[in-house]
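Visitor: Can you walk me through this one? I'd like to start with an interface, then look at a helix.

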Amino acid sequence: MTTEMLRVSVWRGKADGEFVQYQVPRQENQTVLDLVTYIQRYLDPTVSYRFSCRVGVCGSCAMTVNGKARWTCRSHVANVAHGGHIEIRPLESLPVVKDLVVDMTTFFDKWAKAKGSFEPTRSRHDDLASITSTDRQRRQVDAGIECIGCGACYATCDVVKWKPDYLGPAALNRAWTLANDVRDGGNQQRLRAVAGDDGCLGCHSQQGCVERCPQKLNPTKAIAGLKRLTVLAAIKGDL
Amino acid sequence: MKKTNRNHPTYWAFLLHRLSGVLLAMFIPVHLYVLSLAITDGAALDTFLRWSTTPMVKVLESGLVILLAAHLTGGLRLLALEFCAWMSWQKTAVAISAGLSLAAGLLFFLNAG
Amino acid sequence: MNINTSAKTETWLWLGQRLSAVVLAVCVVVHIVTMIFAMRGGLSTGEIAGRVGGNVWWLTFYGLFVLSVSVHAPIGIRAVLLESTPISARRIGLLCMIFGLFIIVFGIKAVIGLYQLGPV
């Protein structure tokens, strides 16, 4: 019985480059990451790509597969192969280092710019904060906290493509989870950081991020929340 | 420009909203200028209004009403999204918006002289 | 492109657009319904005069309508220009302000002109 072969086009090069086609034997249980690994091990050792856990918890293997940003380790070939052909290229909106590897610096810089880090208000000498799991704000945090920074939403967002300084869905989603963390003390600075056109107000709610998030998070909803908070702050004179 | 996957309803809703907004923004100055002829040149306004009874213009006007209604309903959807509790029935909202817009345009066209 | 407006200004512009949107939502519904009825039997200057001429309520309504559009449309166009053209942010701001002024000038002219058509 002959093995079915998949035609896999892989982006080679940097911003300038080309697609190179490889023939990869198809298997019953096969992910897109398996394809790339096969290519690198048996066909072309010069292919560069990033991965780590291989099981959908680290987000390192995110790439653009047939036009959509995905975790390649969780993309079953059967679900993405159209007519026996798969096109794999690096995540969009980020500089290409080589082949399928992108430079995530801007992505995480914007995370910091959006004040996406926790500002403690208690010390080890204080009691633990008491927040029930049904608390309204806690629920908002829970809904967005599972982001692992894979970059799929950022790569998909149209506003990121149109405005290079736009902070992006991931950074803003994280800012929203912190804005709802009652233990956090940095919210005034944070709202100043995310207000404005490069911040939450630049979102037009196209929801490409919602479509592509592998964790099923909702950055658009988080950003809507930030819009309300920043407007309230502006009215109160806190901006 | 690399093509990302844009094949989902909330993207089309955005596109329609932006397109209708731009077209309306181009129409408004013309509309206001023509109406302001009421002060400067009433006869010209009357001539224009008579010209606007032609069938071609009726069709165009109905198109404008559809654009206006589309922009309005799409805008209401956005306002709800940004200021109220999140709707899980997004796609339905988009569909309702589209439906109402077409209905408005049709009503206009049917009544237009 | 460097957008030089402050976060505060951006936030007020955004809010202004949303607030004017709410006002316009009401105005537009009234306008469309009115037009559907007015279009019956054809539109003419006489018809308009009979409806809005000398009527303070229509004057107020359309005045409010024009002012809301003069806020809403320029801010909307500003976003479109910033995102899809290479024009500088400063020039876009200027263009949009001119656009807004045009709407106010010709809009108010139209509103007053139509009001003056009828019995005072």
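**The A–B interface**

Guide: Chain A and chain B bury about 1,800 Å² between them, and carbon and sulfur atoms give 56% of that area. Buried area is the accessible area (1.4 Å probe) that two parts lose on being put together, summed over both. This is a predicted model: local features need pLDDT of at least 70, side-chain atom pairs count only at pLDDT 80 or more, and totals for chains, interfaces and linings use all residues. Residues are numbered from 1 along each chain as its sequence is written, chains are lettered from A and ligands numbered from 1 in the order in which they are written, and side-chain values use heavy atoms, with hydrogens and water left out.

Visitor: Which three residues supply 23% of the area that chain A buries against chain B?

Guide: Gln206(A), Gln207(A) and Arg228(A), more than any other three residues.

Visitor: How many salt bridges between chain A and chain B?

Guide: The count is 2. The rule is a side-chain nitrogen of Lys or Arg within 4 Å of a carboxyl oxygen of Asp or Glu. Lys227(A) pairs with Glu82(B), closest N and O atoms 2.6 Å apart.

Visitor: Which helix gives the most to chain A's side?

Guide: H10(A), with 5 residues. Helices are DSSP runs (H or I, at least four residues), numbered from the N terminus.

Visitor: New topic. What about the span of H1 in chain C?

Guide: Helix H1 (residues 7–38) of chain C has 32 residues, so at 1.5 Å a residue it should span 46 Å. The expected span is 1.5 Å times one less than the number of residues. Its end C-alpha atoms are 45 Å apart, which agrees.

Visitor: Where does H1(C) bend?

Guide: At Leu24(C), by about 25°. That is the angle between axes fitted to the seven residues ending there and the seven starting there.

Terms used
Helices (H or I, at least four residues) and strands (E, at least two) are DSSP runs, numbered from the N terminus.
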